[in-house]
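Please read the following points with the coordinates open beside you.

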Amino acid sequence: MTMMITRSDEVAMSFDKKTFMKTVTVIYDTREQQNKHIIDKLGECGIMTEKRKLDFGDYSFMAEGRDFSLSCAVERKANVDEIYNNIMQDRSRIEKEMSAASQLANGFTLLLENVSSWGALKSYQVPKWQMDMSPQRKNKDIGANVYATLKAWSSASRYGFSVEFVEDPKDTAGKMLPIFYYYWRNYKELTQARR
């Protein structure tokens with residue numbers, strides 16, 4: 001079945017997006033590190049930001065005076081190494097956070113930078129120069145391990161979050177904003193008065 005979008009639908013969607021962009025404030029967690037590329041990009045787009053402690057995730061948002069930090073969040077990982085280290089060294093903490101997010105939030109996304117797709121993640125190997133610098137490191141095929149863990153964790157029967165990929169970290173803010181926009185838009189549609 002094909003969905004027909006009329007001109008009035010396009011105008012309403014455009015108006016909604018403009019309203020959202022004028023009222024949104026992206027919240028980022030106090031523990032979030034090395035996110036200058038995201039904060040700078042949001043600033044260039046005229047998006048306000050606020051730094052504060054979040055219960056889970058690294059980013060959330062407020063729009064039209066409503067705080068969505070307990071219902072929609074994004075967890076950002078800078079690269080495969082970061083999430084691999086979380087899984088191997090701090091698994092109980094990250095699983096506890098995923099569990100809390102899955103119980104509280106209806107929208108939880110893991111955003112993985114420097115990876116383009118599930119296939120690229122699965123085939124990711126630690127570069128030889130990094131293996132040479134860390135002789136204690138035994139496993140170079142960490143992508144397959146992360147792939148299997150994320151597939152298991154993101155299933156609806158476990159934690160039920162979505163995974164998005166951002167090949168170029170300069171695009172992270174641009175990937176995050178639509179996640180927040182569509183969550184906000186769906187929230188508005190679900191809560192507006194029935195006619």
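1. The lining of the largest pocket draws at least two residues from each of strand 5 (72–77), helix 3 and helix 4, and the largest share, three residues, comes from strand 5. Helices (H or I, at least four residues) and strands (E, at least two) are DSSP runs, numbered from the N terminus. This is a predicted model, in which local features need pLDDT of at least 70 and side-chain atom pairs count only at pLDDT 80 or more, whereas totals for chains, interfaces and linings use all residues. Residues are numbered from 1 along each chain as its sequence is written, and side-chain values use heavy atoms, with hydrogens and water left out.

2. The space in the largest pocket comes to about 400 Å³. Of the 17 residues that line this pocket, Arg31, Glu32, Asp58, Lys77 and Glu82 are the closest to its centre. By class, the lining holds eleven charged, four polar and two nonpolar residues, where Asp, Glu, Lys and Arg count as charged, Ala, Val, Leu, Ile, Met, Phe, Trp, Tyr, Cys and Pro as nonpolar, and the others, Gly among them, as polar. A pocket here is an open set of points on a 1 Å grid over the protein atoms alone, where a 1.4 Å probe fits, with protein on both sides within 12 Å along at least five of seven lines, and lining residues have an atom within 4 Å of a point. The volume is the space filled by probe spheres set on the points, which are joined across faces, edges and corners.

3. For the chain as a whole, the secondary structure comes to eight helices and seven strands. Of its 195 residues, 41% count as buried, a label that means under 20% relative accessible area, with exposed meaning over 50% and partly exposed in between (1.4 Å probe, protein chains only). Among contacts (heavy atoms within 4.5 Å) between residues at least 6 apart in sequence, 69% join residues at least 24 apart.

4. Helix 7 (residues 142–154) has 13 residues, which at 1.5 Å a residue should span 18 Å, and the distance of 18 Å between its end C-alpha atoms agrees; the expected span is 1.5 Å times one less than the number of residues. Its buried residues are Ile142, Gly143, Val146, Thr149, Leu150, Trp153 and Ser154. Seen down the axis, the buried residues of helix 7 fall within an arc of 135°, so they line one face of the helix; the arc is that of the directions from the helix axis to the C-beta atoms. The packing partners of these buried residues are helix 3 (80–89), helix 4 (91–104), strand 6 (107–113), helix 5 (118–122) and strand 7 (162–166).

5. Helix 8 (residues 172–191) has 20 residues and reaches 29 Å from first to last C-alpha, close to the 28 Å expected. Among its buried residues are Met176, Phe180, Tyr183, Trp184 and Arg185.

6. Glu64, in the loop between strand 3 (59–63) and strand 4 (66–67), has a positive phi of about 50° and is partly exposed, with a relative accessible area of 43%. Asn114, in the loop between strand 6 and helix 5, has a positive phi near 65° and counts as partly exposed at 43% relative accessibility. Leaving aside neighbours within four places in sequence, Asn114 is in contact with Ala78, Asn79, Val166, Glu167 and Pro169. Asn114 and Lys170, 56 residues apart in sequence, are 10.0 Å apart in space, C-alpha to C-alpha.

7. Which residues does Asn86 touch, not counting those up to four places away in sequence? They are Lys77, Arg91, Arg93 and Ile94; Asn86 itself is found in helix 3 and counts as buried at 13% relative accessibility.

8. Thr25 lies in strand 1 (residues 25–28) and is buried, with a relative accessible area of 11%. Beyond residues up to four places away in sequence, Thr25 touches Met48, Thr49, Glu50, Ser60, Phe61 and Met62. Gln34, by contrast, lies in the loop between strand 1 and helix 2 (36–44) and counts as exposed at 71% relative accessibility.
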